[in-house]
Amino acid sequence: MIQKTAKLITFIVVSILAVLILWGLWAFMAAPTRVAFLNYQVITLGQISKANDSRMVRLYELTPEEASKAGHYDILLINGMGLRITEEQRAQIQKAADRGLPVLSTMVTNPANDINTVDSTLAPELQAYLSNGGPANYRNMLAFIRRRIDRKVIAAPQPVPAEEYTVENIYHPSPDGSGGEEEGFRSIAAYNQWLRDNGLWKEDAPRIIVTGQMGDPTDLIASLEATGNVVYPIRSTMPMLRTGQLDSIAPSAVINMAHGRLGDGMVRFLEKYNIPLISPLNVNSLVSDWEADEMGMAGGFLSQSVVTPEIDGAIRPYVLFGHYEDEDGLQRLEAIPERLQEFTETVNRYLELRRKPESQKKIAIFYYKGAGQNALTAAGMEVVPSLYNFLVALRDAGYNVDGLPSSPEALAALIQSRGAVFGSYAEGAASRFMDGGAPEWVDAPTFARWAQDALPQRLRDEVEALNGEFPGPYMSRDGRLALARIELGNVVLLPQPAAGGGQNDFQMVHGTHAAPPYNYIAAYLYARYGFGADAMVHFGTHGSLEFTPKKQVALSQYDWPDRLVGTVPHFYLYTISNVGEGVMAKRRAYATLQSYLTAPFMESNVRGLYRDLSDELSHYEDALYGESPDAARAEDIALRIKELTIEMGIASDLGLDTLDKGVPYTEEEVLRIGNFAEELASEKVTGRLYVMGEPYLPAQIESTVYAMSTEPVAYGLLGIDRAKGKDVDGVEKQLSVFNRRYVAPAKQIVARLLAQGRPADDRQLCSIAGITPEELARAREVAASLQAPPDMMSMMAQMAGMQQLRKDSAAGRGMSEMMSAVGRQMMGGRKAQPTQAEKDFARAVTEMEQAVLNVYNYRKALLESPSAEIGSMLNALDGGYTSPSPGGDPVANPNTLPTGRNLFAVNAEATPTRSAWEKGVALAENTLRLYRQRHCDSLPRKVSYTLWSSEFIETEGATIAQIFYMLGVEPVYDSFGRVTDIRLIPSEKLGRPRIDVVVQTSGQLRDIAASRLFLIDRAVRMAAEAQDGEYVNNVAEGIRETERILTEKGVTPADARRMSSYRVFGGVNGNYGTGIQGMVTASDRWTSSSEIAQVYMNNMGAYYGSEEGWEEFSRYAFEAALSRTDAVVQPRQSNTWGALSLDHVYEFMGGLNLSVKEVTGKDPDAYLSDYRNRNRVRMQELKEAIGVESRTTIFNPSYIAEKLNGGAGDAAAIAETVTNTFGWNVMKPEAVDDRVWDEIYEVYVQDKFDLGVHEHFKEVNPAALEEVTAVMLESVRKGLWDATPEQVADIAEMHTGLIEEFAPSCSGFVCDNPALQDYIASALPEASASEYRGAIRQIREASVSDASDGMVLRKDRLQSETEKETTLVSNIAVAVLIIALFIGGGLLIRRRRKSSGI
Amino acid sequence: MYSLVVILMVLVCFNFVLKQSWHKWWSVLAHAASAALFTGLMWPVAVRQSRSQIEAWLANPDLMLDTSVVITLEVILQISFCLLSVHLLSSGKLKSSTVWGYRILRWFPGVLIFGVLFSFLVYLIFAFPGVSFPLVAWSAAAVVFVVIAGGAWLMRWIFPDKESRLEMFFLTNALTGIVAVIATVNGQTAVAGVSEVDWRALAGVLGLIAAGVLAGSFVRTARPFRRFLKTNNNLKK
């Protein structure tokens, strides 16, 4: 028995051993080889997969998120080009590599990703297979991996060494279209000969260079050749630029399938030949996926495909390439057939502009105009004279502009009579226009024909579903549509119709997901088909085409701008001060931007108005710090200052209006008042609007150069003093001291430089800066060493392109290794760094040098810009190249001069840049300090930020830096300065609790920087998980509170948890606006500001924090996220607008403020992040900013006098400021005192400065004064202003007088507010009231229908709203009571039983 | 309305725990474990419930009528258990089907408890935002286990005699039935609710209840079980 058992045990043990040995043999000799690929392009993977003929080699794609699984494979191949992984993911791969995983990284652009553990003797062979590519090489590579790296012996064939392909830089696909071998050429001459030999040569035909690596240009080349062009396919332009080979082509256009920049050399080449650079896109995904994608393109791919090519001046980011799936599931890259045809036509139309005589070219010009008699508008521009100058320039250049009126005034009259637009309420006026305005009538068959050609069925159905059958209710009669347009020879002027539809005017300006109405579509189709435009021009900043639905970028045939622009070359005159929205026009409407100047800058000149205060401040300083300090006297003066500031309203602006007037201000409070007074005196304000084509007046040029140069020179002087160790601490805090010590001398320096009429030389620079020539030389040397590597990304991209060519050359063979080597060099091989003191000195000197040298350059650029703008526009209409330029107003970013250039944005992936991070940290600290001062040293629990695109671009992400720092995280930079990751700042280093944030993004920022929004979302989660022992974690607390509120609101706990960390919100349905402005100004349709807050939270409640949940609508999430908010922050980066002059500020910041108040029940602190002065970024309280702006602009006689020298646009700008004041009064009543309205009344109704305000308004723009008076009366009616009966009577009399004299204008306030009309009528004698009502009725004819519910953008609610009553007795109390009753009752029974003896 | 539902839930819990007092210890533990497991495992479903959904259910008369049927059925079964128990105590030899019927009814713990446990879990999840859902659920499960096991023991300790428990069980089930009827007709009345407690009225009601309890405890005929048992005892003697 024992023997039997022993045998059995032995058998089992032997069997197990045998199985183990067999398994071991299998594992070591025959098991499948698992090959993982990280960051390889789908196409390459498909090719490798197709080449794999071994069942024992298995291929896997590893995503960065799966980095922890890297160790599961036998080898990991990494494509380092554009690889984005977090530190944690990198560490996971490194860990697997350290444990023996063979890893091969190629094309490494970030040295940190250069992980290589493949045996150094095997790596070159493996790289050779990869770099040469092709089926045979890929097959052998897999065999090589299995046999030599995985060391398998079974089913492991002997690999053949890599076959090296010779790839020439100039090539041509097989001309017979058979898909055979392509031809390669070593010279242009050889290529030309080959073209001749193959019948592809066309004498005098346009020559087009096709380059770039992101597409397969075979079909494109064939299509371009078939339409009469000679095509030069070139793999990499860089070597040919260097050798001059490219010059021998003398091309007419360059088409670049871009991934990164072509470089400054190419910009010079394009300028030299004056040819356009067109950059079609590859969506890098299945065409069907891309068509369904709301975003279109995002992140690093967006940067490389769209953003960086724009720096080269690339135009038309039109999707041409996409992936299609084969039957076997593999993807292939192809030109999308229907888009190829349109793209070819587009290219040919640009080329046609070069050939067609000016006299035959047809140009369609769209302009923007207020409703009714209101003026034409464009940011910073007086439109009618500008348009007139442009038309004259066209005529002078040979264009047919027959019928051009003899003067701008005549053109204005013509536009008012035949080129008007009307609010949907002005049915009477619209009807009269159709009778007498000679519109273009479009009938149904014509429209159907155009639509059939331009729009896919789906879009046609959408329009019909929304607007009914053609022609719809608006501007139509007898089944036809009336289009306002003015034909002047071969030029047609068209007002851009409203992009919203019918009664729903609130959604018009910045678009929605809804299709545009018929008249909008018809205007563009008429320009293309009816008029036959060769080019389309949008005149001034900005219209609505670029905000029509849907995708953000990389548009498809289902996106409206793509369809409406079609194949027509498109040019857009755009202000330099609004690059954020400008890039939307570039990317979404395929426009070549033509930048134009802002209005000139001038000093506020208000010092005289505040002389008494200035004198007292000066006496106070004397009393404290003078030769004989006298504290008692200082106190008396402080009391006098208090009296003065209260009287002038300054105390209210600064929050220093105390009840006890007998207590003097403290020294710190007097300092604040002093700084406020200095700010008023030194504030830069814009003068009358710019007229395109007309240089600023000499005085305006001088004042603008002062505005651009004085502070840089002053800060340069300060910087040098500081670098030299002089005592300058606290100087910047006291503006009066700073102005005395630095600004005043700087002004004198600028004056001297302006007077000399030539650039400053080194001797002058040394004299001004107080440095020696040797110090200057050393500073320049240090500054040069501090420069970032020159455009390393584009260099890398070029190298990647070069990698494909001439593999037989040394350059080709070793390129991959070379790229890695460059990366390594960047990490390690730098020279010895200069000391911090040297760096500081060099920076100060550099700043000073630039400031001094630029005085001359600025003046020159300002003088030349107007003609450059016209010249550039004409050149673009001739098919020429428009040079690229950054954006920003000239004071904030002088590099934007000269104008007449194509604006580009910043690479979002590199933000926040290091300097932006420094600014952001300083501003966040500043915010906390201000908050502490106001709130007994406590910190805010949550701060809400608004993100705008122009601010983001111009500050390179400083507000994002603020957000990070509030959360207590910091960016992690790679060696290229890109921010691909973030990390926690340790709590001890932060020294305070982490502060929660909420971010509302504008649609524009969302579209250009989605990856940064994702990073913020990640930062929030990271901060929430931080374990900070010493401090409370407000982020975690905030998330908990948000979750609680959400469940209370009726959201399920699962959804509430998911949504509780949502912190990035924006417009629903991909909207660009908030939909609030229209609602605020339609003030008869709401009774409480709470209604506005609700609409705001609804309209801005879409989540944009991650790709997965993109555009998810979660109204309660936004509302709940706003809980615990203690402060709101709005960026301000431009000198051309302020809180009062730009409506979007009250729209966004005011809307957010109101919503926070609605949610938390308290008014949050409101701050502006002021980036205008790059040397002195700071936070400013909203009320203070409004105080400064109102005192230096609409209440400043110098400013008003300057504006009265302008035209209709300047008058409209004043009216807009008054309307915005009303907006602020609604959104944040504390920000606007009655004093402001009283002042408006005195200045514009009583004309207290005797400037002839009424006469001027009546002459140039009576509609503006109608608007001003209507807004004032509405403020009284809504109870926002406690006006006296006399004031009301005065304003009503003036308003109705204007209406009687000029007819209603007819904006919403004037014509579409029945409650206001009743109120005005009630303030008038009966006869006048009747007359007034009659005038309004005539315009409206039919009564308008209310559409207050139209203010809520369409969106189904996530959950039905719950209403809950709170009872005073809690459920727990009820439960306890019942249990007590039971037990008591039971005990009673028991006792009773006992007593009964049962 | 919500308070009525809470009363109903408390009654269901009380009935459940009270009924456990007839079970052997291992049976109590098994029931407690089942209830705890149910509580612990239901969190993925619980987190998908929303307050507004629950409110909607409570305001849905059709659903409440269905619920009323379930409650009534359970009350009938539990009252049947009481009657059979009495029958068993008072009769001599019974038919085996009656005994089996008694056994089944004694074993039957009730289904309403699961609804109550689920509501309890949902309430807890609402009450602890930010805390891990499984943690809340399994903590609740532990509490449920302890309360059921401990509650059964406590009931036996407080009311050692089966008769008292039986009588109380009968009464609470009857009360459950009544409350269920009141709760489920809610929504069909047109009386506006009040958001504040009329303390004087409440005191009056409580006074009336106390008076009734006192009166009841002195009027023997008001207690059918007692009279029946006493008669039965006398017969045995």
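The model on display is predicted, and its overall scores are ipTM 0.76 and pTM 0.81.

**Stop 1: the eight-stranded sheet of chain A**

Select the strands S33-S32-S31-S30-S27-S34-S35-S36 of chain A, given here in their order across the sheet. These eight strands form an open sheet with mixed pairing. The edges are taken by strand S33 (1112-1113) and strand S36 (1178-1181), each of which has a single partner strand, so one side of each is left without a neighbour in the sheet.

**Stop 2**

**Stop 3: the six-stranded sheet of chain A**

Next, select S18-S19-S14-S20-S21-S22 of chain A, an open sheet of six strands in that order, again with mixed pairing. At its edges stand strand S18 (486-488) and strand S22 (592-596); each has a single partner strand, so one side of each lacks a neighbour in the sheet. Direction ignored, neighbouring strands of this sheet are turned by 20° against each other on average.

Within this sheet, display strand S21 (residues 570-575) of chain A together with S22(A): the two pair in the parallel sense over five bridges. To find one of the partners, select A:Phe571, whose bridge partner in S22(A) is A:Thr592.

**Stop 4: strands S3 and S4**

Move to strand S3 (residues 75-79) of chain A, which is joined to S4(A) by four bridges, the strands running parallel. Here A:Leu77 has A:Leu104 in S4(A) as its bridge partner.

Are the side chains of strand S4 (residues 103-106) buried or exposed? A:Val103 and A:Ser105 point one way, A:Leu104 and A:Thr106 point the other way, and all are buried.

**Stop 5: a helix crossing**

Select helix H38 (residues 1010-1025) and helix H39 (residues 1034-1049) of chain A. They pack at an angle of about 105°, with their axes 7 Å apart, and are therefore roughly perpendicular to each other. On the H38(A) side, show A:Val1020, A:Ala1023 and A:Ala1024, which meet A:Val1035, A:Ala1036 and A:Ile1039 of H39(A). The residues of this contact divide into six nonpolar, no polar and no charged.

**Stop 6: two cis peptide bonds**

Display the backbone at A:Leu897 and A:Pro898, where a cis peptide bond has an omega of about -5°. A:Pro898 belongs to the loop between strand S25 (884-885) and strand S26 (902-903) of chain A.

Then continue to A:Thr911 and A:Pro912, also joined by a cis peptide bond, with omega about -10°. The loop that holds A:Pro912 runs between S26 and helix H33 (914-934) of chain A.

**Stop 7: residues with positive phi**

From H33, proceed to A:Cys936, in the loop between H33 and strand S27 (942-947) of chain A. Phi of A:Cys936 is near 50°, a positive value in a residue other than glycine. A:Cys936 is exposed, with 6 other C-beta atoms within 10 Å.

Where does A:Asn274 lie? Select the loop between helix H9 (264-273) and strand S10 (277-278) of chain A to find this residue. A:Asn274 is not a glycine, yet has a positive phi of about 50°. With 14 other C-beta atoms within 10 Å, A:Asn274 is partly exposed.

**Stop 8: a loop residue and a distance**

Select A:Asp729, in the loop between helix H25 (698-723) and helix H26 (735-756) of chain A. A:Asp729 is exposed, with 8 other C-beta atoms within 10 Å. Draw a line from A:Asp729 to A:Ala438: the two are 291 residues apart in sequence and 69 Å apart in space, C-alpha to C-alpha.

**Stop 9: chain B**

Finally, select chain B and colour it by secondary structure. How many helices and strands does chain B have? Its secondary structure comes to 11 helices and zero strands. Of the 237 residues in chain B, 32% are buried. Among contacts in chain B between residues at least 6 apart in sequence, 85% join residues at least 24 apart.

Key: Residues numbered from 1 in each chain as written. Chains lettered and ligands numbered in written order. Predicted model: local features only at pLDDT ≥ 70, side-chain atom pairs only at ≥ 80, totals over all residues. Axes fitted to C-alpha atoms, helices over the stretch in contact; angles between N-to-C directions. Parallel < 35°, antiparallel > 145°, perpendicular 65-115°, else oblique. Contact = placed C-beta atoms within 7 Å. Nonpolar A, V, L, I, M, F, W, Y, C, P; charged D, E, K, R; others polar. Buried ≥ 20, exposed ≤ 12 C-beta atoms within 10 Å, placed from the backbone. Pairing = 2+ DSSP bridges.
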